[in-house]
Every structure is written in C-alpha cells, then in structure tokens.
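Grab your viewer and work through the exercises below. Try each task before you read its solution.

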Amino acid sequence: MNIPSKYDPIAIEDKWYAYWLKHKYFHSVPDEREPFTIVIPPPNVTGVLHMGHMLNNTLQDVLIRKARLQGRNACWVPGMDHASIATEAKVVAKLREEGIRKADLTREEFLEHAWEWTHDYGGVILEQLKKLGCSCDWDRTKFTMDEDMSASVIRVFVDLYRKGLIYKGYRMVNWDPEAKTTLSDEEVIYEEKQGQLYYLKYTVEGSSESLTIATTRPETILGDTAICIHPEDERFAHLRGKKAIVPVCNRVVPIIQDEYVDMEFGTGCLKVTPAHDENDWKLGEKHGLETIDIFHEDATLNSYGLHYQGKDRFEVRKEIVKELNEIGALEKVETYTNKVGTSERTKAVIEPRLLDQWFLSMEELVKPALKAVVDTGEVRFFPKKFENIYKVWMENIRDWNISRQLWWGQQIPAYYYGEGNREVVVAETPEEALKEARQKSGNPGLKPEDLKQDEDVLDTWFSSWLWPISVFGGILDPDNEEVNYYYPTNDLVTAPDIIFFWVARMIVAGYEFRDARPFENVYFTGLVRDKERRKMSKQLGNSPDALKLIENYGADGVRVGLLLSAPAGNDLLFDESLCQQGKNFANKIWNAFRLVKGWEVKDLPQPEAAAVGIQWYGNKLSATLEEVNDHFSKYRISDALMAIYKLIWDDFCSWFLEIVKPAYQQPIDAKTYASVIGFFEENLKLLHPFMPFLTEEVWQCMSERSPDQALVVASWPEPLTLDKEILEEFSFASEVISGIRTIRKEKNIPQKDALELQQMRVQQVSSKWDAVIEKLGNIHSITSVETAPEGALSFRVKSNEFFIPVTGAVDLEAEILKIREELSYTRGFLNSVEKKLSNERFVNNAPEAVVALERKKASDAREKIETLEKSLASLSTP
C-alpha cells in the first residue's frame with residue numbers, strides 16, 4: 001500500500017464522514033441491545049458554529065462514540081430550536097431591508113416570511129457539526145416547530161390548564177422593549193452598571209415645605225401616584241394624611257404610610273410608581289392607588305409623558321433632569337452603582353410592565369425534580385457543585401411567565417368568545433374549542449368566527465423543556481416503542497448558563513409527563529474564554545472562526561485542542577496553540593503508522609527485548625484503560641484524553657516502538673509484528689471517540705476491512721489482569737536508559753558507540769530488562785561491581801548506582817580540559833553577576849523583575865559550578 005508521507009486531514013475527513021453516512025453507522029432503531037441516548041441541546045435555528053458549540057458537541061460525540069464501541073445501541077438525536085425572539089428579530093430586520101414593516105402584515109403573511117427565512121438560513125449549524133465529525137442520527141433531526149413537536153407543546157398546555165396549573169393573571173412582568181415581548185425571570189440578566197442617583201424635591205400641598213426622594217429613574221416621576229413614609233418615622237409624623245405635588249406634571253398625590261419603607265435608606269421617603277416597579281405595584285394594590293403607565297411598548301413615552309411624548313426613555317431622562325434643575329426640584333446628583341436587568345437575547349434594558357399574561361404554577365411541579373437531584377441522586381450533576389445552585393433556585397421558584405407577544409412560535413390554544421371576549425376555552429384545535437364553547441355557553445349557535453384565538457405564542461423554552469420526550473413522540477403517543485426504549489436518556493451535555501432555562505425545566509417535565517427522569521447524568525461544560533480570560537464574543541473580536549480552525553488544524557486537531565484543557569464545569573482558556581498540539585499528535589500517530597507499515601516481516605525468532613517489551617506494554621495498556629474508564633465514569637473527559645495522549649505519545653511511540661524496532665534495514669519477526677499491530681489497533685479504539693477521522697483512516701489502512709469491521713463500530717478494549725510489578729520494573733529500567741542517554745548527550749558520545757554499563761546494586765531488579773537497556777542504551781555489556789570504579793561517569797536510580805567507564809569512549813584529557821574551561825568561564829560569570837548585585841544603587845533603582853533575574857542567574861551559576869566540580873573530581877586521576 002502506498003502510504004502518503006503526510007497526513008492530509010481535509011481529504012480524509014470528507015472521505016470517512018461520507019463512508020459513515022453511507023453505511024448508516026449513526027442510525028439507531030430499537031433492538032435487543034442496551035440503548036445509550038443523548039439528545040442534542042438544540043441550537044437556535046439562527047445559529048452558526050462557535051467555540052461553545054464546538055466544545056459542547058465534541059464532548060457529546062466522544063460519549064456517543066465510546067458507547068457505540070461498547071456495544072450499546074447509541075442514539076444521538078440532533079435538532080434545532082425555533083428561538084422565537086431571535087428568529088423573529090432576524091425576520092423583522094430582513095423585512096425592514098426590503099421596505100416591509102411587520103405591522104403592515106397579517107400574522108399569516110409574516111409567518112410565510114418566517115418559514116421562508118428558516119428554510120433559507122436555518123440549520124446551517126447542523127451541517128457545520130458534520131465537519132466536526134459529530135455522529136448524530138441525522139435521520140432523526142427534529143425542529144421545535146415541526147408539526148408533531150408543535151402538537152406536543154399544545155397538548156401539554158391543554159393538559160396543564162385542565163389540571164389548574166396554567167392560569168392567566170394581571171401581573172408585573174419583564175418587558176423587552178426591543179423585541180416587544182415579555183420575558184421570564186430567567187431570561188433577564190442582571191448586570192452591575194454605574195449610573196446616577198437623583199435627589200428630587202416634592203412640594204407638600206398647601207405649604208412651603210418639601211420632601212426629598214432619591215431615584216435612579218427620574219423619567220418615571222410622571223407615573224408617580226403616591227409618596228410613602230414609614231409609620232414610625234417621627235421625622236415625617238406631621239405629614240401623615242397630607243398630599244404632595246409631583247414636579248413637572250404637578251399631579252397631587254397622597255402621602256401614605258407603610259412599613260415597607262426602609263427608614264435608614266436614602267431620605268426615608270419613597271416615590272410610588274405602581275406601573276413601573278413590582279414593589280410599588282404591590283404597595284399600590286394594598287393602598288388602592290391609581291396605576292399610570294407612561295410608556296409605549298417600545299419604551300417611548302405616551303401621552304402621560306406630556307411634552308416628552310414619543311421620546312425614548314433614556315433621552316427623556318437627560319431632558320427631564322435638566323428641567324427639574326431649572327424649576328429648582330433637583331437637589332443633588334450622586335454616582336450610584338446598581339443592578340440593571342437586561343434581555344438575555346436583545347440586551348435591551350428591561351422595563352417592568354403590568355400585563356395580562358399566561359403563567360405556569362411551579363411550586364408543586366418542581367417537587368419531584370428537586371428530590372431527584374438533591375435527595376435521591378436519580379439525576380447526577382457533574383461537577384457536583386451545580387446541585388446547590390439548582391437546589392436554591394428550585395426552592396425559591398416563581399411561576400413561569402409562558403406567553404410571548406410574538407408571532408413566530410406555537411400560538412397559545414386559548415379561544416375567547418362572548419360579550420367583550422370575556423369567556424375563554426382552552427383546546428388543542430379550533431374545532432374542539434368551538435365544541436367546548438358551545439357546551440360551556442349553552443349556545444349551540446356559536447360559529448367559528450365567534451371565537452378569537454389568543455394572539456400570543458408560547459415561550460420557546462416551553463417547547464424545548466419537552467425535548468427528551470417529544471423527539472421520541474412520547475407526548476402524543478406515550479406508550480410508543482421508541483419512547484419506551486430510548487427514554488430516559490443517558491447523558492446531557494450543556495453549559496451551566498441554561499441550568500434554569502432548560503435543564504431544570506426538562507427534569508420537571510420528565511417527572512410530570514412520564515413520571516421518570518429525562519436523563520441520568522448532566523455534564524456541565526465551562527465557558528470558552530481567551531487567554532486573557534475574556535468570554536469569547538463577536539463584539540470583542542476574540543472568537544476564532546470555528547470552520548477556519550478545522551481547515552487549518554483538521555477536525556481531530558481542533559477536538560484534541562479543545563478537550564485537552566476542558567475540565568468539567570470550569571472555563572476553558574482557549575489558545576490556538578492547543579489545536580497545533582492536536583495536529584502534531586495526529587502527525588505523530590501517522591508517522592508511527594508509516595514506520596510500522598514500512599517494516600519487512602519474516603518468520604524469525606523473537607528477540608528477548610521485544611518479548612519483555614510486549615509483556616510490559618500489554619500491562620501498560622490495561623492500566624491506562626482502567627484509568628480512562630475511571631475518568632469517563634466521573635466525566636473527567638479531559639483527563640481521559642490526556643491519559644490516552646501520554647499512552648500513545650510516550651509509552652507506545654517513544655518507548656515500545658523503540659524496544660521492538662528492528663535494526664536498520666533488517667526485518668522484524670512475525671510474532672512481535674502481530675503484537676505491535678494488535679496494540680496499535682487497541683490504541684486506535686481508545687483514541688477513536690476523540691480523533692475519529694485519523695483513527696478510522698489508520699485502522700482501514702492497516703488491513704483490508706469490510707464495512708462491518710469499520711473502527712466506528714469496533715469493540716472498546718477490555719482490560720486484562722494487571723501485573724503491577726512489571727510496570728514498576730519498566731519504570732526502573734526506563735530511568736536507567738534515560739541516565740545513559742543523558743550522559744551520552746552531555747559528553748557528546750555518539751549513539752553508535754557501544755558502552756559498558758556497571759551497576760552497584762542495593763535494590764534487586766529483574767535482569768530480564770537488561771536486553772531492553774542494552775538495546776536502547778547501546779550497551780555491549782552490563783556487569784555488577786562492589787565498589788565505585790575510578791574514572792567513570794555515574795548516575796543513580798533510586799538506591800542503585802550506575803557507572804559508565806569512559807576509557808576509549810571519551811578523550812579523558814580533552815574532557816577534563818573542557819570541564820575546566822567551562823568551570824573558569826562560569827566562575828567569571830558568577831563573579832560579574834555578584835558584583836552587580838553588590839551594587840546598592842543597582843539593586844535599589846532597577847525594576848524588581850530585573851533584580852530577580854540577576855539573582856536567578858547567580859543561583860544557576862552556583863549550581864552549575866557545583867556539578868562541574870563533581871564531574872572534574874570523578875575524572876581526575878587520584
């Protein structure tokens with residue numbers, strides 16, 4: 001076989017991915033085998049491959065490929081999320097470029113554009129995942145807006161409504177003025193921002209006295225409907241029952257009392273704006289205050305904004321402060337740091353807003369899900385630290401706002417009818433809704449047009465929380481073969497930032513709709529950051545092009561680069577040099593393969609060194625396999641890869657192949673060669689989940705294979721009985737070889753020159769390793785001595801001392817002269833450094849790092865002098 005001198009990942013990757021797809025190795029159907037199932041965290045249909053996706057999906061592929069090798073029926077379900085807010089924003093932006101406003105379209109017309117956009121641009125990321133080598137069952141690809149997936153969501157809504165768990169309520173919600181929709185609490189990101197605290201004066205009606213309140217949002221005074229003081233605050237006792245005048249709008253509002261006010265905070269007075277703060281709204285409900293909403297849905301001011309009507313809230317903030325100052329109502333301004341809620345999707349500052357919304361009652365629903373993680377361990381988190389984060393959130397759960405003011409998504413199956421559309425029925429289809437409305441109203445004459453469906457759609461997460469069940473049809477057909485076989489799934493790999501959005505809610509849904517966990521293990525990846533610990537983002541420009549990395553380093557190189565430094569739950573500091581390390585590893589394996597395949601094989605006696613080397617490597621392989629399996633069981637994927645990396649690079653390539661390698665242009669015996677190929681194949685099996693393309697190429701080049709013998713469906717190695725004594729003996733022998741090599745290097749003794757090795761033993765070591773030491777050290781004889789010989793170079797391994805007589809191998813006089821010259825130079829160098837360090841002016845004025853460097857030079861020079869003096873003493877004639 002003509003083996004190329006260089007490994008070409010591009011050509012090889014395309015070839016083998018096509019081969020895997022052709023033979024349907026990734027496709028799974030229920031059978032008698034034990035299933036191993038992973039459902040992909042569905043990326044947004046708008047998404048493209050970035051470093052976070054690369055890490056997350058590489059980890060999933062490692063787990064699924066390993067399970068496949070272990071004989072499990074491996075099923076990795078891919079798919080996409082319709083991402084209501086993100087996708088609708090993309091479609092609206094595209095329409096705007098075409099001169100079309102969403103407001104000018106009907107819902108049906110807009111949805112046509114949304115589907116067109118989805119078909120044209122959606123799903124790019126799934127194709128990109130193939131470049132990474134992801135072995136998903138592409139025949140099972142799902143989309144959260146597929147007909148059956150949407151039907152599952154609607155059925156769940158109806159079911160929960162009929163159980164009394166979904167209700168409609170007038171509540172203070174999080175409003176995203178850019179996306180023009182409500183958000184759940186989990187979709188609001190609180191960021192510390194430096195702003196200003198404005199101290200404003202409100203005149204007390206009928207007097208010259210004023211009250212001062214502090215606010216970070218002066219524009220909202222136009223919605224004030226009260227001033228609140230603490231009932232026990234004696235400073236304001238005389239104002240009880242009086243009224244105050246709101247500056248600018250001159251609204252007269254009551255001065256109310258409530259223990260909610262913190263007397264020690266600010267001025268002890270609180271402005272009450274029920275329409276724009278949740279706590280203020282509660283105060284307003286309690287005291288019967290008027291609620292005045294001053295904003296349009298895009299956060300511009302409405303008619304209650306007076307002369308600021310139509311202007312953006314932040315523009316008004318600047319202008320109203322100027323006006324307050326001009327009318328003498330601004331007392332002072334202070335710098336103030338507070339937490340500001342922003343939209344997780346659009347990054348817009350959230351506006352609290354009172355709206356009629358649909359909510360899911362969570363208090364009872366979460367109990368089985370909380371127990372499964374915290375008490376019984378039915379669902380395990382890796383790392384375990386995330387269990388406490390989950391516990392705190394679940395124990396303080398709030399009802400989930402599940403309605404969104406969008407058109408892209410599953411439309412809420414609530415239908416209004418009757419006078420003013422005050423009556424409502426909830427049903428899976430318009431036909432069922434009409435039937436139910438006729439029964440409920442007692443009016444058989446109701447027509448379809450008498451019913452009006454709710455305009456809102458459901459939160460995207462309300463569809464993806466069903467993902468592990470709905471991808472197998474388990475909502476619409478709860479007893480079907482597939483869901484009974486594949487559910488519960490095994491592993492979930494995800495980022496910790498969606499532990500509440502998705503992970504917790506899937507566990508809740510699993511127990512509610514199937515009375516079983518959705519998965520057994522959750523592996524939380526860290527965030528991918530750059531070398532400066534900054535989160536990778538388009539804005540910072542520090543995120544490399546994922547596909548360009550694959551093009552430059554090969555998919556295997558990038559996978560290794562990512563995983564070598566990806567401990568579970570901890571952030572990955574990505575450095576492109578890691579991908580180069582992965583590429584170098586691929587080249588190392590390729591060159592080892594070329595070396596082995598280049599050997600001529602003959603029926604010869606097996607050399608002693610090869611026999612003992614084979615015995616050692618078989619045990620080393622078993623020991624590493626045990627270590628790797630242990631790492632996998634604890635989801636230490638990075639550690640598992642590192643163990644395999646060291647096994648192949650150090651033990652196999654650097655030691656084993658050197659032990660068994662035949663002399664130059666000489667054949668290798670058949671018995672040894674068979675062992676080499678056998679071990680090479682076991683190495684490939686271990687490495688395949690991490691580097692699937694390279695390993696498949698080498699595997700297929702080793703010998704002719706039928707499709708059912710492909711590496712992708714081979715068998716994971718089985719550990720053998722471990723002989724730890726052999727591993728310890730090799731460790732000793734390898735140190736002896738390293739000692740010999742060090743002397744050769746330091747004394748410039750060519751490897752072709754055979755040396756004598758003498759040993760003074762304290763610790764008994766098996767002599768069977770002598771053949772290996774002789775071969776790798778090019779030693780012509782190994783003898784034992786009782787005393788240290790004169791004129792010999794020496795080194796120590798544990799308690800045994802080894803000597804290499806230098807007569808003939810080294811020109812003694814020349815070596816002594818060389819050491820003396822080096823000693824003289826080093827002493828002079830040390831003297832100059834010490835002079836510099838004794839100069840107080842230098843030590844006091846030079847930068848600390850420079851002084852530290854000089855001290856290090858002096859320390860290194862002293863150590864070198866000591867070593868040279870010992871060498872000189874051992875070579876000099878007594």
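## Exercise 1: a tryptophan in a helix

W590 sits in helix α17, residues 576–597 (helices, H or I of at least four residues, and strands, E of at least two, are DSSP runs numbered from the N terminus). This is a predicted model, where local features need pLDDT of at least 70, side-chain atom pairs count only at pLDDT 80 or more, and totals for chains, interfaces and linings use all residues. Residues are numbered from 1 along each chain as its sequence is written, and side-chain values use heavy atoms, with hydrogens and water left out.

Task: find out whether W590 is buried or exposed, and what W590 touches.

Step 1. The relative accessibility of W590 is 1%, so W590 counts as buried (buried is under 20% relative accessible area, exposed over 50%, partly exposed in between, with a 1.4 Å probe and protein chains only).

Step 2. Leaving out residues up to four places away in sequence, W590 touches I3, P4, S5, K6, Y7, L694, E697 and V698 (a contact means heavy atoms within 4.5 Å).

Step 3. Ring pairs also put W590 in a cluster, whose members include Y7, F593, W616 and W769 (rings of Phe, Tyr and Trp, the last by its six-membered ring, pair if their centres lie within 6.5 Å; planes under 30 degrees apart are stacked, over 60 edge-to-face, the rest tilted).

Step 4. For a sense of scale, take R235: W590 is 355 residues from R235 in sequence and 84 Å from R235 in space, C-alpha to C-alpha.

## Exercise 2: classify a ring pair

Task: work out how the rings of W400 and W465 are arranged, and which parts the pair ties together.

Step 1. A pair of aromatic rings is described by the distance of the centres and the angle of the planes.

Step 2. For W400 and W465, the centres are 5.3 Å apart and the planes stand at 90°, so the pair is edge-to-face.

Step 3. W400 belongs to strand β16 (residues 400–401), and W465 to the loop between α12 (461–464) and α13 (467–470), so the pair ties together parts 65 residues apart in sequence.

Step 4. Both W400 and W465 are buried.

## Exercise 3: a lysine for contrast

Step 1. With a relative accessible area of 25%, K620 is partly exposed.

Step 2. K634 is 14 residues from K620 in sequence, and their C-alpha atoms are 21 Å apart.

## Exercise 4: backbone checks

Step 1. The bond from F382 to P383 is cis, omega near -5°, with P383 in the loop between β15 (380–382) and α10 (386–395).

Step 2. Y487 to P488 is cis too, omega near 0°; P488 lies in the loop between α14 (481–486) and β22 (489–494).

Step 3. A299 isn't a glycine, yet its phi is positive, near 70°. A299 is buried at 2% relative accessibility.

Step 4. N421, also not a glycine, has a positive phi of about 50°. N421 is partly exposed, at 32%.
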